Amino acid sequence: MERTPPPLTPGTLYLVATPIGNLEDITLRALRVLRDCDIVAAEDTRRTGQLLKHFEINKPMVSYFAFNEAKRSEEILERLQRGEKVALVTDAGTPGISDPGERVVRAAVMAGLRVETVPGPCALVAALTASGLPTDEFHFIGFLPHKSGQRRKQLEALKQFDGTLALYESPYRIEKLLTELNEVFPDRTIVLARELTKKFEEFLRGTSAELQAQVAKRSLKGEFVVLISGRREKIEKLAKDSE
Ligand code: SAM
């Protein structure tokens with residue numbers, strides 16, 4: 001365990017995870033990096049500005065989001081080459097996980113520059129670990145495509161996977177997703193992890209048909225991670241039932 005934290009290393013890209021709802025979920029190291037870096041590259045400077053203000057950090061920011069990733073990656077690389085310490089943050093959670101980050105990290109690695117991770121909240125890990133589903137083997141899909149045919153094709157392909165499946169979904173498509181899951185995975189356990197780390201955090205568990213019935217009774221708002229038990233659990237259940 002590191003006791004006296006060393007100063008930040010010049011020419012380093014720091015990937016800083018930020019809270020996914022609960023502001024207490026920021027690490028001491030994340031705060032130090034945000035305080036001591038030269039510039040913060042943020043997905044949304046207004047949103048990150050609020051976070052920095054909450055922790056009384058005053059730092060110049062540059063925007064880095066999906067549509068300016070290519071151009072901004074080059075600028076960030078130039079800064080790193082000049083010896084600057086750059087902290088990359090997204091709106092919530094871990095940069096690079098269904099969020100901008102991958103591109104600039106790859107470019108920095110290829111250019112032989114230093115990249116350090118400052119780990120912290122990630123909705124995927126929070127949902128999976130508290131879901132009650134197997135965590136030893138899992139497959140993360142991120143967001144499914146929007147088009148029905150493509151979604152269906154991807155879900156069908158995932159039927160063969162033994163471990164737990166995890167995906168992110170917008171609240172506007174949760175009902176649609178449950179209908180699709182009822183067609184493709186009718187007998188699997190589904191866990192809806194909603195509003196993690198926030199006031200109304202909850203885990204809804206059941207088959208997709210059971211969850212559809214629950215969702216029909218009240219409209220579910222907020223952010224969701226959806227988990228689907230893997231093929232292995234089904235096989236083990238069948239074996240147990242036949243004992
Ligand atoms: N990089 C982030 C991470 O590390 O989790 C994910 C960013 S992605 C653009 C946003 C999606 O993550 C949301 O649509 C939702 O599916 C999931 N998510 C983020 N925060 C969440 C929360 N507090 N509860 C449940 N799901 C959340």
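Student: What makes up the division of this protein into domains, and where do the bounds come from?

Tutor: The protein is divided into domain 1, residues 12-118, and domain 2, residues 123-241, and these bounds come from an automatic or database domain assignment. This is a predicted model in which local features need pLDDT of at least 70 and side-chain atom pairs count only at pLDDT 80 or more, while totals for chains, interfaces and linings use all residues. Residues are numbered from 1 along each chain as its sequence is written, and side-chain values use heavy atoms, with hydrogens and water left out.

Student: How many residues of each domain are in contact, and what counts as contact?

Tutor: Contact means heavy atoms within 4.5 Å, and on that basis 6 residues of domain 1 are in contact with 10 residues of domain 2. The C-alpha centres of domain 1 and domain 2 lie 30 Å apart.

Student: Which strands form the sheet with parallel pairing, and what counts as a pair?

Tutor: Strands are DSSP runs of E with at least two residues, helices are runs of H or I with at least four, and both are numbered from the N terminus. Two strands pair if DSSP finds at least two bridges between them. The whole open sheet has 5 strands in the order E3-E2-E4-E1-E5, with parallel pairing. Its edge strands are E3 (61-63) and E5 (114-118), each of which pairs on one side only, and the twist averages 25° from one strand to the next.

Student: Why are H3 and H4 called oblique to each other?

Tutor: Axes are lines fitted to C-alpha atoms, for helices over the stretch in contact, and angles run from 0 to 180 degrees between N-to-C directions. Helix H3 (residues 69-81) and helix H4 (residues 102-110) pack at an angle of about 40°, with their axes 9 Å apart. Angles under 35 degrees count as roughly parallel, over 145 as roughly antiparallel, 65 to 115 as roughly perpendicular and the rest as oblique; the angle of about 40° falls in the rest, and H3 and H4 are therefore oblique to each other.

Student: Which classes of residue make up the contact of H3 with H4?

Tutor: Glu 69, Ala 70, Ser 73, Ile 76, Leu 77 and Leu 80 in H3 meet Glu 102, Arg 103, Val 104, Ala 107 and Ala 108 in H4. Ala, Val, Leu, Ile, Met, Phe, Trp, Tyr, Cys and Pro count as nonpolar, Asp, Glu, Lys and Arg as charged, and the others, Gly among them, as polar, which gives this contact 7 nonpolar, 1 polar and 3 charged residues.

Student: Which strands stand at the edges of the other sheet, and why are they called edges?

Tutor: That open sheet has 5 strands in the order E6-E7-E10-E8-E9, with mixed pairing. Strand E6 (138-143) and strand E9 (202-206) have a single partner strand each, so one side of each is left without a neighbour in the sheet. Inside the sheet, strand E7 (residues 164-169) and strand E10 (residues 224-228) run antiparallel and are joined by 5 bridges, and Ala 166 has Leu 227 in E10 as its bridge partner.

Student: What makes H7 roughly antiparallel to H8?

Tutor: H7 and helix H8 (residues 208-217) pack at an angle of about 155°, with their axes 9 Å apart. Since that angle is over the limit already given, H7 is roughly antiparallel to H8. The residues of this contact divide into 5 nonpolar, 4 polar and 1 charged.

Student: How is H6 placed against H7, and which hand does the crossing have?

Tutor: Helix H6 (residues 148-158) and helix H7 (residues 174-184) pack at an angle of about 45°, with their axes 11 Å apart, and that makes H6 oblique to H7. H6 passes H7 in a right-handed crossing, where right-handed means that the near helix is turned clockwise from the far one by less than a right angle, and left-handed means anticlockwise.
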